[in-house]
Each structure stands twice: as C-alpha cells, then as structure tokens.
Amino acid sequence: MNPQTAKRLNRFVLLSLGVLAASVVTAAIVTAGMPRGLWLGGLLLLPLLPPLPGLVKGRRRTFAWATLCLTPYFVYGLTESIANPDIRIAAAVVLFASLASFVALVAYLRVTRPSAPVAAE
C-alpha cells in the first residue's frame, strides 16, 4: 500500500463528493426554483452526511459502506436525465458525479487493501 496514493484518492473522494453535492443542489434549484430548491437540495444531501466523518479520517470500512449512499444520486441522475428534458444536463452531471465518486471509493478500497498473509509451504 502506498500512503501517498491513498491520501490522493482520499482527497479525490472528498472532491468528487463535493462536486456531487453542488450538482445535486444546482439540479434542485433548476427544478424547483430558488427558495424551494435550496430546501429540496438540502434534503437531497442528507444521505451524504453520515459517511463524511469516516471519510475525512480515512476509515477504510466507511469507504466500503459509503458506496451504498451513492445509490439515490445514481437513480436520480439516471431517471431525470431520461425523463425530464428541462434538467437533462444537470441530471447528467449528477449521474457522472455519482459514478466518479463510486469509482473513487472503490479505488481507495483497492489501494488500501491489506496484504494477504503468505501461506507456508
């Protein structure tokens, strides 16, 4: 395990989650208008809050279950990009950001995987 690579991936995970959060709030504002869209965007961000402390601290176990927290954003981005032509671009950004976050989380798990013990022959 390379600690520098793990640190870079941890930063990339946090950056991609920030992009995801910004794109979700933007899509909510485009959909519902300004005051209502902010409230809706805040509610849509709730699934991202529980894993944040563990992700910042670099807890490997949190990276594993945080992938499940991205499911609503993937479904939202996919559904809205197909069904709602008014926000197709914003929904595509949400979809891309959720996929990028998922890939970053899995990459961090692969890089920080504990080495398997060598079997004695």
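Helices here are DSSP runs (H or I, at least four residues), numbered from the N terminus. The model is a predicted one, where local features need pLDDT of at least 70 and side-chain atom pairs count only at pLDDT 80 or more, while totals for chains, interfaces and linings use all residues. Residues are numbered from 1 along each chain as its sequence is written, and side-chain values use heavy atoms, with hydrogens and water left out.

Part of α6 is tucked away: the buried residues (under 20% relative accessible area, 1.4 Å probe, protein chains only) include A90, V94, L95, S98 and L105. The buried residues of α6 pack against α1, α3 (52-57), α4 (60-66) and α5 (71-83).

Take S98, which sits in α6 and has a relative accessible area of 2%. Leaving aside residues up to four places away in sequence, S98 touches L20, L70, Y73 and F74, where contact means heavy atoms within 4.5 Å. The S98 side chain also reaches the backbone oxygen of L95, at 2.8 Å.

Then there is the pairing of α1 (residues 3-32) with α2 (residues 34-44), whose axes lie 7 Å apart at an angle of about 145°; axes are lines fitted to C-alpha atoms over the stretch in contact, and angles run from 0 to 180 degrees between N-to-C directions. By class, this contact has nine nonpolar, two polar and one charged residues, with Gly counted among the polar ones.

Notes
Helices (H or I, at least four residues) and strands (E, at least two) are DSSP runs, numbered from the N terminus. Buried means under 20% relative accessible area, exposed over 50%, partly exposed in between (1.4 Å probe, protein chains only). A polar contact is a pair of N or O atoms within 3.5 Å; within protein, one must be able to donate a hydrogen and the other to accept it, and residues adjacent in sequence count only if both atoms are side-chain atoms.
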